[in-house]
Amino acid sequence: MTMTLVIFAILLFVRVPIAIVLGVSGIILLFVNGNEDMIMNTPQRLFSSLESYSLLAIPLFMLAGEIMNSGGITKRLIDFAQKFVGHFRGGLAYVNIVANTFLASIIGSAAAQIAMMTKVMVPAMEKEGYKREFGAATTAAAGMLGPIIPPSMLFIIYGATSGSSIGDMFLAGIIPGILISVAFILLVAYIGYKQSFPSKMKASWKERGKSSLQVIPALLVPGVLIWGIITGVFTPTESAGIACVIALIVSYFFYRDFRLKELPGIMINTAISTAIVTLLIAMASVLGWAMTFERVPQTIAEWMTTITSNPIVFLILVNILLLLLGMVVEGIALIIILTPIFVPILPSFGIDPIHFGVLICLNVTIGILTPPVGSGLFLATSLGKVSIESFVKAVWPFVVAAIIVLLLVTFIPQLTLWIPSLIE
Amino acid sequence: MKFSQTISDSVFSLEKGLVVILIPAMLLAMVFDIFFRYFLNSPLVWAQEIALYTFVWSSFLGASMSIKVKEAVAVTLFIDKMPSKIRNVLILVGLIASTIFAIYIFYLSITWIMDPSILLQKTITTQIPIVYMYLSIPISLLFMSVHFIHWFIEAIRISKDGKVIT
């Protein structure tokens, strides 16, 4: 185990892709424990970890997002937010958060969202007199909403790994997502008041009406998704397929910014961005599988249950553990490795797996904003052209706000469980 | 350098060509499946299977492509603080480790699919020999090894010229 940890750390340090690090660690763990014959089954393990209808939703949601983006959806969402909240002090910062909240209901990944929005919002905010690092921090923080507001790649991965209903996970994410959005808006209001942020002219109701009409077709995607899950007509994977069809129709016929010759490029982007996630899933499952031979999950679980029998104390411990691990391990890998460890001990604490799933996902999304391995941090600093140090200074208030929401969600299970309970 | 460049680029073109077919096939299969189930009330079980296996294939091919475009997630924060010479050496070490791993999994997967019991298995509804699905692993790992080897050769060349590996 120690040797595996050392090799894990060294490989991470020398810039080996995290997915490869996980795979190598899995094989080494099997090897040092004398399970050489198990190593032969690694390819089978890689294959079967992706042979899942639930995970099929990942490329489909990615595809819908790609189509929507090249179809000009980002532009219209920003315009819509601009018309409604742009005239307040610090208007563009609100626009950023509101547009991100809506975009999160179409796209399921923080990385995709941060990449799209940073390129547009950071230069726009700088032009209006905001500090560049504040623009990058606001965009990256608001990008956190991507995996919390449905659809969400993280929820799909948690659902597939834990055997919980992905539909329930999606519904459970709605209130926490809105809470984060509100927390960020309050934060921007406070900072804006202190630093006297710029504001813009108020838009007329006619302009507002026009940009609302333009945004409606795009919001069909989350509309169909939520409707499908609530009525039980579609599974999340099927609604992802429908989302692609809607995205194509809306971008091609309504927005008309979309050209068919862009399709091959979109397919290639979808394949690569899906694979970045699925390779992590496949390799993390090799490591997770190797750890079960070592009885690592059981040891951690036993240790956890000897510390406390109080669910609140347990959840606080889990939060601390996840926030710390989330700083050094990639989020998706963390979910795949930890879910099989924690989910079996939840019943003894009387914790609902859906509540726990939202918690685990919230924790790892906070991790994307923190050094040293936060993917959101790297995207926002490299695309937004700001230094990591100045970004961290600007982003920490957002991280604190997100942790406050995390604590609320931890202590009040109704925030996650209420909407799914309405369906039954 | 030129040779590995040519091979890696041709493999990448092939991969691009394949996913441009696989992803639309996956979407179409999904749409057919939904349409027949909800509107014609006769589920197309084979469409589900096609959607699933095109997903697995494109995932593994995409994994190799993510290495070619150098987009696979890695931690760069520590290594970027190193003096450029040490940094180059460390990155080369990492590339060697990654290449060996890719080749090793490629080797394991070849042994795996050559197993007679695997060669006999078929998919449940479409009755396609399952080895065509399993082939996604050795082929993608082979492609991934090609990209890693090229990346490594390129990195050696760059550090010999005294430049910084990107």
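**Notebook: a buried threonine and a helix pair**

I started with A:Thr118, which counts as buried because its relative accessibility is 0% (buried means under 20% relative accessible area, exposed over 50%, partly exposed in between, with a 1.4 Å probe and protein chains only). This is a predicted model, where local features need pLDDT of at least 70, side-chain atom pairs count only at pLDDT 80 or more, and totals for chains, interfaces and linings use all residues. Residues are numbered from 1 along each chain as its sequence is written, chains are lettered from A in the order in which they are written, and side-chain values use heavy atoms, leaving out hydrogens and water.

I found A:Thr118 in helix 8 (residues 110–127) of chain A; helices are DSSP runs of H or I, at least four residues, numbered from the N terminus. A polar atom of its side chain lies 2.5 Å from the backbone oxygen of A:Ile114. Setting aside neighbours within four places in sequence, I listed A:Pro123, A:Thr139, A:Ala380, A:Leu383 and A:Gly384 as its contacts (heavy atoms within 4.5 Å).

Next I looked at a helix pair. Helix 6 (residues 73–85) of chain A packs against helix 13 (residues 205–231) of chain A at about 145°, with axes 9 Å apart; axes are lines fitted to C-alpha atoms over the stretch in contact, and angles run from 0 to 180 degrees between N-to-C directions. Among the residues that meet, I noted A:Phe80 and A:Phe84 in helix 6 of chain A, and A:Trp205 and A:Val215 in helix 13 of chain A.

Last, I checked confidence: the model scores ipTM 0.93 and pTM 0.89.

Notes: Helices (H or I, at least four residues) and strands (E, at least two) are DSSP runs, numbered from the N terminus. A polar contact is a pair of N or O atoms within 3.5 Å; within protein, one must be able to donate a hydrogen and the other to accept it, and residues adjacent in sequence count only if both atoms are side-chain atoms.
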